Amino acid sequence: MNTLMTKQFQAIRGMNDILPAESAHWQLLETITREVLTAYGYQEIRLPLVEKTELFARSIGEVTDIVEKEMYTFDDRNGESLTLRPEGTAGCVRACIEHGLLHNQMQRLWYAGPMFRYEKPQKGRYRQFHQIGAEAYGMAGPDIDAELIALTARLWRRLGIREVTLQLNSLGSSAARAAYREQLVAYFTVRQGELDEDSQRRLRTNPLRILDSKHPTMQAVIAEAPSLLDHLDAESRIHFEALQGLLDTAGIAYEINPRLVRGLDYYSQTVFEWVTDTLGAQGTICAGGRYDGLIEQLGGQAVPGIGFAMGLERLVAMLMAAGQAGADPAPHAYLIAVGDTAQRAALALAERLRDALPALRLRMNCGGGGFKAQFRRADHSGARFALILGEDEVNAGALAIKPLRESRSEQLTLSQDQAADWLRTAFENLKN
Ligand code: ATP
Ligand code: MG
């Protein structure tokens, strides 16, 4: 026996393969999201997966979970510190400043793709995960906040996702937040004995984040903490009330959650999350907010910004649980070719059919086999028709067609020139 087993590789922990059985759900999610974003006037921006580490440290914040312990950071061959993007906003703002997209312009943008965070992998929380995000620049009023929220609400409707609620809060201006922060520190200092280890640390570094703690033992002390909403500056209060009015008028339900703070430092004023309790502990499917100071902080003009990002793994889990979208559609037809002559002719015939019918899902038998074996594959493929090419058909420029799904399944023979027309008639949806 050979004791030297060949090493079998496994994917990196927390980084998933998305297999064909799941990819139909991903495609449905991506297609509908793209449609909705486009309908609202958002344009796609494609960004690199890697940025300078400094970009994330300066935007997300030095004392956030992401920057402190979740980034995949490495030195490139020149000794420059680079990081796999943990989120999309920083890179998007960087690109907009770099390409002058923000000079007296309003921009509505979206992006999609993988993000990387070194987290403890668990259901709904991975090290490579995927987001689709939208960002809107140059608009300071609550109308754009409401539009972004309406867009996400529509998206859930389009996807058939029902069990989600919208949580809303305002973080106020940074000055108001600083005053609130002092009160919060005073409060938590008195009750320090009730804080878990993480929160003890955050009390010194980033006390607002304590409100975000998911730790069960922390919930009582958090519930009794002073409320951010009692400390809003006048401008933020007016903005927040106007937003609520817009949502009321549009019939979009929300809950105000004064403990909602978000894990990234760049937010100000409006923040929101869509949450569900159908997914277990990781119930936030979409999160966002306003970040009016970020663009200036990254060296651009003082331009207001707002955006959200949704977690695709969690949304796919919801779609699959709801039984949305089936598997990939079966082929319309399966091309059987038996014998050397027919096998040599099959590709050219298949290509002619594809030229004539670009939407035709035609599966060509590859790998040879006799009639019986090829018929078995045709049947297994779920195709409605088998197209049969034998030596006789090739010589006569003909093609036999056998229905595979009808109870009465008489075979017929056509000339190859007629085959495309015949298929077009058989499948309404191939007409284009
Ligand atoms: P959490 O509090 O759950 O860590 P977060 O505040 O870090 O969330 P955001 O940075 O706001 O999350 O990301 C937006 C969305 O992306 C989340 O609401 C979630 O749906 C998804 N997401 C974030 N991190 C992960 C992850 N590690 N794996 C899968 N999805 C994630
Ligand atoms: Mg996180």
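Helices (H or I, at least four residues) and strands (E, at least two) are DSSP runs, numbered from the N terminus. With that in hand, meet this predicted model: the protein has 15 helices and 16 strands. Its radius of gyration, taken over C-alpha atoms, is 28 Å, well over the 22 Å that the globule rule gives for 432 residues, so the protein is more spread out than a compact globule. That rule is 2.2 Å times the number of residues to the power 0.38.

**Overall span**
- Along its principal axes, the C-alpha trace of the protein spans about 90 × 65 × 45 Å.

**Around ligand 1**
- The shell around ligand 1 holds 17 residues, and Arg117, Glu119, Arg125, Arg262 and Thr284 come nearest; to be near, a residue needs a heavy atom within 4 Å.
- Look for polar contacts here, meaning pairs of N or O atoms within 3.5 Å.
- Arginine 125 places a polar side-chain atom 2.7 Å from an oxygen atom of ligand 1.
- Threonine 284 has a polar backbone atom 2.8 Å from an oxygen atom of ligand 1, and for a backbone N or O atom of glycine 311 the distance to a ligand oxygen is 3.4 Å.
- On its own, ligand 1 has 590 Å² of accessible area, and the protein covers 90% of this (Shrake-Rupley method, 1.4 Å probe).
- Strand 6 (128-137), strand 10 (284-290) and strand 11 (305-311) give two or more residues each to the shell, with the largest share, four residues, coming from strand 10.

**The second largest pocket**
- A pocket is an open set of points on a 1 Å grid over the protein atoms alone, where a 1.4 Å probe fits, with protein on both sides within 12 Å along at least five of seven lines.
- The second largest pocket holds about 530 Å³ of space, a volume filled by probe spheres set on the points.
- Its lining has 31 residues, and Ser174, Arg177, Asp265, Tyr266 and Tyr267 lie nearest the centre; lining residues have an atom within 4 Å of a point.
- Helix 6 gives the most to this lining, with four residues.

**Reading notes**
- Residues are numbered from 1 along each chain as its sequence is written, while chains are lettered from A and ligands numbered from 1 in the order in which they are written.
- Local features need pLDDT of at least 70, side-chain atom pairs count only at pLDDT 80 or more, and totals for chains, interfaces and linings use all residues, while side-chain values use heavy atoms, leaving out hydrogens and water.

Note on methods: Polar contact = N/O pair within 3.5 Å; in protein donor to acceptor, adjacent residues only side chain to side chain.
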